[in-house]
Amino acid sequence: MSHPETDTELPPHILIFPLPLQGHVNSMLNLAELLCLSGLHVTILLSNYAHNRLLRHASLRSLFSRHSGFRVATFSDGLPADHPRAGERLMDLAFSLKELGGSQFRRLMESTDGLSDGGARRGVSCLIIDGLLSFIISVVEEMGIPYIYFRTIGACSFWPHFCIQEIIDAGEVPLKGKNEDKLTYWKKKEMDMMVTSVPGMEKVLRRRDIPRSFGVANGDDPTFKTMKTDTKRTVEACGLILNTFEDLEAPILDQIRKHIPNLYSIGPIHALLKDRLESEGMESSHNYSSSLWEEDRSCIAWLDSQPTCSVIYVSFGSITTLTRDELLEFWYGLVNSGHKFLWVMRPDSISGNGNEIPVELEEGTKSRGWMVGWVPQQEVLAHPAIGAFFTHSGWNSTIESIAIGLPMLCWPYFADQMTNSRFVSEVWKVGLDMKDTCDRITVEKMVKEAMDVRRDEFSKRAHNMAMLARKAISEGGTSYLNLNRLIEFLKSTVS
Ligand code: UDP
């Protein structure tokens, strides 16, 4: 793989390996592009599934034409093409990747020219690995290649993950109710008790604000074990990248720094990329997409015809699935609020049997809103007709909303989303946290609160936070400088 006679003249070669899911691919592709802009060679490793969808629905090809240093390598995630890779079947992907991904990764790294592009690129100088893919670390360590973790979650949820053992030791995780259904679990009174064993979060975090997997898993649960050890192992990497910014999460970032001093907060990364592209005279990132679904642009024309701040944008991201009952409760709540809505309903959004959108609901939406399979989200969030974002609190959606200064109404589905929504309502105070409730009366009430009663209050704070985000990515700002520091480190891996 290495070509000693030319290696010294070639730029460092960075291999970026995201978990092949939309949220992870989005932010890590943004990073790939930022590194290319600074003259590095970058290969991004994608599953065939993600790669094919990016070729079909996104403008991946424009990335190749923009950056001569950009390449893609692929592997098989081991699942059939029609597997949903979402909802309850998401774990199939995690297990399949673990089983297959490690050996394929080894073969790729050991092949003589798998990544060298016929000698046009040096051997991999450094890896940037999704923090959920630690099963490849043994290969990387054997080969003696430095690596940095990229966690595509916020500091506010990385930190409780890092402290899982402390939470267990303090007896704050219920460690029971494994067989309870979701509703019974969340309804428990003890869910409102504070978690006091996560330093810096004693006053904000309740048991219902940490992922359910913390609560129901016993120590032997393989997923839980992996999550726990993976996060702790971050200390062994050369550093940690987070898509956040100092003014948003400084107290928590400071806690993390005590264990991982080489922390690069470089968010909001999509906005940082947009700025750098513009300063290079290139088209903005708004003009290309990294969507795994086809974007339906009819929603933009529809939004253009709506009054300012009159529409609530509803999207639960790329993984969440809803039951038919939940879907109906949301729909009636939205309709009864009297506000128009733009609702993203992926083809695989409804779980269980009979997973098509009920006809009466599709018909009823026509006069009240717009329902599409997938939208150009950043463009939608920036549209003047949007008054608030009804979100599942995925981290990308959260930081995109913060960057644009839009109030949020949160219905977290799982994992880090439980903590993100708590921070939206209680720390940043830029929206409401509906949590595990999902009945039409609550939905109606909360939509009205976000869009009418408390809109000015939320908008003002959200606007201030967006200004801080802008400051962070502007020249001399914290994210701007952290990215430069990261690039310097990556360059130093070949000297
Ligand atoms: N997204 C999009 N169009 C949509 C819905 C979502 O482009 O119709 C993007 C959104 O901008 C975000 C990502 O998909 O970057 C979803 O990531 P997030 O972390 O919010 O949630 P996840 O899908 O991982 O649960």
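**Exercise 1. Domain layout**

Find how far apart the centres of domain 1 and domain 2 lie in this predicted model, and state which residues make up each domain.

*Solution.* 
- Step 1. Take the centres over C-alpha atoms: domain 1 and domain 2 are separated by 28 Å.
- Step 2. Assign the residues. Domain 1 is made of three segments of the chain, 7-157, 223-289 and 472-491.

**Exercise 2. The face of domain 1**

Describe the side of domain 1 that touches domain 2: how many residues take part, which elements supply them, and what classes they belong to.

*Solution.* 
- Step 3. Pick out the main contributor. H2 has the largest share, with four residues.
- Step 4. Sort by class. This side of domain 1 holds 15 polar, 12 nonpolar and two charged residues.

**Exercise 3. The ligand shell**

Work out which residues come nearest to the ligand and where the shell around the ligand is drawn from.

*Solution.* 
- Step 1. Start with the residues. The ligand has 19 residues around it; Gly23, Gly317, Ser318, Gly394 and Ser397 come nearest.
- Step 2. Domain 1 and domain 2 each provide at least three residues.
- Step 3. At least two residues come from each of H2, H17 (377-381) and H18 (395-404). H18 gives the most, four residues.
- Step 4. Sort by class. The shell has 12 polar, six nonpolar and one charged residues.
- Step 5. Link back to Exercise 2.

**Exercise 4. The whole chain**

Decide whether the radius of gyration of the protein chain agrees or disagrees with that of a compact globule, then describe its extent, burial, contacts and secondary structure.

*Solution.* 
- Step 1. A compact globule of 495 residues would have a radius of gyration near 23 Å. The protein chain has 22 Å, so the two agree.
- Step 2. Read the extent. The C-alpha trace spans about 70 × 55 × 45 Å along its principal axes.
- Step 3. Check burial. Of the 495 residues, 48% count as buried.
- Step 4. Check the contacts. Take those with a separation of 6 or more: 73% join residues 24 or more positions apart.
- Step 5. Tally the secondary structure. The chain has 22 helices and 13 strands.

Definitions and conventions
Residues are numbered from 1 along each chain as its sequence is written. This is a predicted model: local features need pLDDT of at least 70, side-chain atom pairs count only at pLDDT 80 or more; totals for chains, interfaces and linings use all residues. Domain bounds come from an automatic or database domain assignment. Two residues are in contact if their C-beta atoms, placed from the backbone, lie within 7 Å. Ala, Val, Leu, Ile, Met, Phe, Trp, Tyr, Cys and Pro count as nonpolar, Asp, Glu, Lys and Arg as charged, and the others, Gly among them, as polar. The radius of gyration is taken over C-alpha atoms; the globule rule is 2.2 Å times the number of residues to the power 0.38. A residue is buried if 20 or more other C-beta atoms lie within 10 Å of its own, exposed if 12 or fewer, and partly exposed in between; C-beta atoms are placed from the backbone. A residue is near a molecule or strand if its C-beta atom, placed from the backbone, lies within 6 Å of it.
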